[in-house]
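Student: I would like to learn how to read a few features from a model. Where do we begin?

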Amino acid sequence: MKRQIKVTSLFQMRDLKAVGKKFVHVMYPKKSSALLRDWDLWGPLVLCVSLALMLQGGSADSKEDGGPQFAEVFVIIWFGAVVITLNSKLLGGTISFFQSLCVLGYCVLPLTVAMLVCRLVLLAGSGTISFIVRLIVVMAMFGWSTLASTAFLADSQPPNRKALVVYPIFLFYFVISWMILTFTPQ
Amino acid sequence: MSIIPTQAHYVVYIYMYIFIYVKVPVSRRAFYTAPDNPHLYRHQPPPRWGRAAGPLTARAEPEEEARRRLRLAAAPPSVARLLWSARGGGGEASSAAACWLGGRGARGPFKRAERPVRAGRRQGAGSRRRLPGRGGGRMAAADGLQFPEFADAASLLAANPDATTVSIEEPAEAPRSQRGRPQEPGREEDDELLGTDDSDKAELLAGQKKSAPFWTFEYYQTFFDVDTYQVLDRIKGSVFPVPGRNFVRLYIRSNPDLYGPFWICTTLVFAIAVSGNLSNFFIHLGKPTYHYVPEFRKVSIAATTIFAYAWLVPLALWGFLMWRNSKVMNIVSYSFLEIVCVYGYSLFVYIPTAILWIIPQKVVRWVLVMFSLCLSGSVLVMTFWPAVRDDNRRIALATVGTIVLLHALLSVGCLAYFFDAPEVDFPAPIVPAHNGTTLIKSQ
């Protein structure tokens with residue numbers, strides 16, 4: 001009987017559980033295909049919005065020299081993920097478009113955690129020690145993100161082009177890490 | 001009485017040559033313009049050395065017809081078949097490619113008559129149009145074979161000649177169904193066929209490689225047809241230019257890619273923005289009035305500049321070379337993608353240069369500018385000098401000079417805009433002001 005009931009709302013508890021399960025898979029990347037099989041874009045949306053909101057407060061006196069605005073972070077994350085997906089498909093990857101978007105979006109989770117930690121550390125102070133702590137945390141999370149997404153995506157590439165596909169992912173997470181590290185509250 | 005051939009022998013040989021290889025094709029040319037063979041395509045080459053298909057033979061073998069249709073239905077779709085259909089359905093070059101790929105006699109719906117095994121390599125007027133004899137010979141050998149496994153299916157189809165068969169006249173349909181599927185094993189063979197060291201073959205097929213329609217995904221995939229080692233080789237060739245060797249001929253060799261230019265430009269954008277920000281931070285570090293700002297706007301400015309340089313300047317240069325090519329006949333003209341490739345790979349040396357520009361010493365920065373300009377400029381000069389040297393001397397020099405000047409302008413402009421001048425620290429002079437108070441003049 002349950003099968004005949006149509007989905008009445010856009011987002012249900014079942015979706016929430018699926019998103020939560022994928023978060024766990026990202027934090028402990030094993031060779032499971034849960035992320036790939038049933039992709040969804042809720043998790044990436046939530047992560048992107050929260051990251052952009054947290055990066056929001058870093059504007060300087062003049063808008064010109066400040067940190068990235070909300071729209072800029074949003075565009076960088078989504079446009080960057082689309083470009084990397086297109087790149088991997090053009091090089092002959094077998095993964096589908098939305099699966100790749102899903103993986104890249106979910107693997108932003110460690111960097112969002114890093115942003116949270118950075119903001120908390122910055123509340124304590126903004127001296128050299130806090131900078132070193134932030135640097136270590138951001139670098140560790142950047143490595144985690146890159147390794148997690150590579151673990152999910154590298155199998156679907158032709159073997160002689162793996163490095164060509166991994167490098168843009170590395171660059172993408174590097175840019176996000178740079179935005180997180182250079183965040184200075186007003 | 002000598003066995004050494006005299007001049008008379010040569011005359012006889014020459015006449016036999018002319019008769020066999022030239023005169024006979026001329027007489028057979030009447031075959032396919034004859035009005036009683038309407039199902040033959042006009043650009044199709046005539047059958048060789050065989051029983052010509054006349055009105056009695058064409059429709060009299062439904063089994064042959066059905067067998068041909070089955071081969072068409074059974075052959076897998078592939079890039080070569082897309083090329084074949086995109087070119088209008090004929091030609092031996094792509095049929096040979098299809099033969100390499102399919103191996104099951106996948107030749108497409110040629111409605112030519114049965115061809116026996118060829119005696120030897122075919123000379124004559126038409127041979128420049130096709131591939132060297134390897135594929136053709138093998139293909140002709142497959143003609144004489146029977147296909148017993150299709151026999152019963154052939155008879156089924158013969159019984160119902162109006163049965164639907166797969167048509168490959170729609171190249172837009174096939175790639176959509178192929179998206180997401182693993183790369184076909186035939187594609188590697190296709191790559192070998194299209195991009196190998198045989199320059200004649202490469203020249204013939206260089207223009208034909210990208211003949212999938214531009215609205216299909218496969219068309220754009222041909223621009224990303226590089227392996228990791230090829231990209232690394234090209235980068236190495238741009239950083240260590242060998243004097244006298246042309247980057248395009250040596251490395252690109254009619255397989256230009258868009259991967260290198262695009263990702264090198266993107267990396268350069270972020271390298272310049274990040275390095276500029278870091279360098280400004282270190283320069284102004286000790287000052288009490290300095291408040292660090294991430295300067296994120298500069299990323300978009302850097303992106304606009306570098307992508308405009310890497311794509312619009314090649315466009316202008318390509319247009320200029322085309323224009324000169326139309327005036328002076330023996331100018332080598334590169335394709336637009338090859339020029340984009342050269343420019344993209346020549347920008348690679350600026351990435352480590354931008355990182356090293358963090359060092360806040362003026363001398364170091366200008367030495368780096370000169371060094372990187374020499375390296376990347378020499379790649380460009382060695383590529384484009386052979387292209388314009390046959391032209392008017394002044395125009396050639398002006399072209400090469402403009403290329404180098406624009407390149408220098410890019411590097412100096414980036415240095416000036418993104419990297420603040422390193423401060424010289426000598427103690428600030430104390431200047432007595434007019435109204436008696438002292439002002440400290442700081443740089």
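Tutor: Begin with the salt bridge: a side-chain nitrogen of Lys or Arg within 4 Å of a carboxyl oxygen of Asp or Glu. Side chains of opposite charge can pair when their charged atoms come close. Over all chains, this structure holds 6 salt bridges.

Student: What should I know about the model and its numbering?

Tutor: This is a predicted model, where local features need pLDDT of at least 70, side-chain atom pairs count only at pLDDT 80 or more, and totals for chains, interfaces and linings use all residues. Residues are numbered from 1 along each chain as its sequence is written, chains are lettered from A and ligands numbered from 1 in the order in which they are written, and side-chain values use heavy atoms, leaving out hydrogens and water.

Student: Which residue meets Asp40(A) in a salt bridge?

Tutor: Lys22(A), with an N to O distance of 2.6 Å. The pair links distant parts of the chain, 18 residues apart. Asp40(A) sits in the loop between α2 (34-37) and α3 of chain A, and Lys22(A) in helix α1 (residues 13-27). Helices here are DSSP runs (H or I, at least four residues), as strands are (E, at least two), numbered from the N terminus.

Student: Is Lys22(A) buried or exposed?

Tutor: Take the cut-offs: buried means under 20% relative accessible area, exposed over 50%, and partly exposed in between (1.4 Å probe, protein chains only). Lys22(A) is at 4%, so it counts as buried. Asp40(A) is buried too, at 12%.

Student: Which salt bridges cross between chains?

Tutor: One of them joins Glu72(A) and Arg297(B), at 3.2 Å from N to O. That pair runs from helix α4 (residues 70-90) of chain A to helix α15 (residues 297-327) of chain B. Arg297(B) is partly exposed, at 27% relative accessibility.
Another pairs Asp225(B) with Arg161(A), whose closest N and O atoms are 3.0 Å apart. Here loop meets loop: Asp225(B) lies between α11 (217-221) and α12 (228-239) of chain B, Arg161(A) between α7 (128-153) and α8 (162-181) of chain A. Asp225(B) is buried at 13%, and Arg161(A) is buried at 7%.

Student: Which residues are linked with Arg161(A) in a network of salt bridges?

Tutor: Asp225(B) and Asp227(B).

Student: How do I read a helix pair?

Tutor: The axes of α3 (residues 42-54) and α6 (residues 109-124) of chain A come within 10 Å and cross at roughly 25 degrees. That makes α3(A) roughly parallel to α6(A). The classes are roughly parallel under 35 degrees, roughly antiparallel over 145, roughly perpendicular from 65 to 115, and oblique for the rest.

Student: Which residues of α3(A) meet α6(A)?

Tutor: Contact means heavy atoms within 4.5 Å. From α3(A) come Leu47(A), Ser50(A), Leu51(A), Leu53(A) and Met54(A). Their partners in α6(A) include Leu111(A), Met115(A) and Arg119(A).

Student: What about chain A as a whole?

Tutor: Chain A has 8 helices and 0 strands. Of its 186 residues, 49% are buried. Among contacts with a separation of 6 or more, 76% join residues 24 or more positions apart.

Student: What does Thr146(A) touch?

Tutor: Phe170(A) and Tyr173(A), not counting residues up to four places away in sequence. Thr146(A) is found in helix α7 of chain A and is buried at 10% relative accessibility.

Conventions
Axes are lines fitted to C-alpha atoms, for helices over the stretch in contact, and angles run from 0 to 180 degrees between N-to-C directions.
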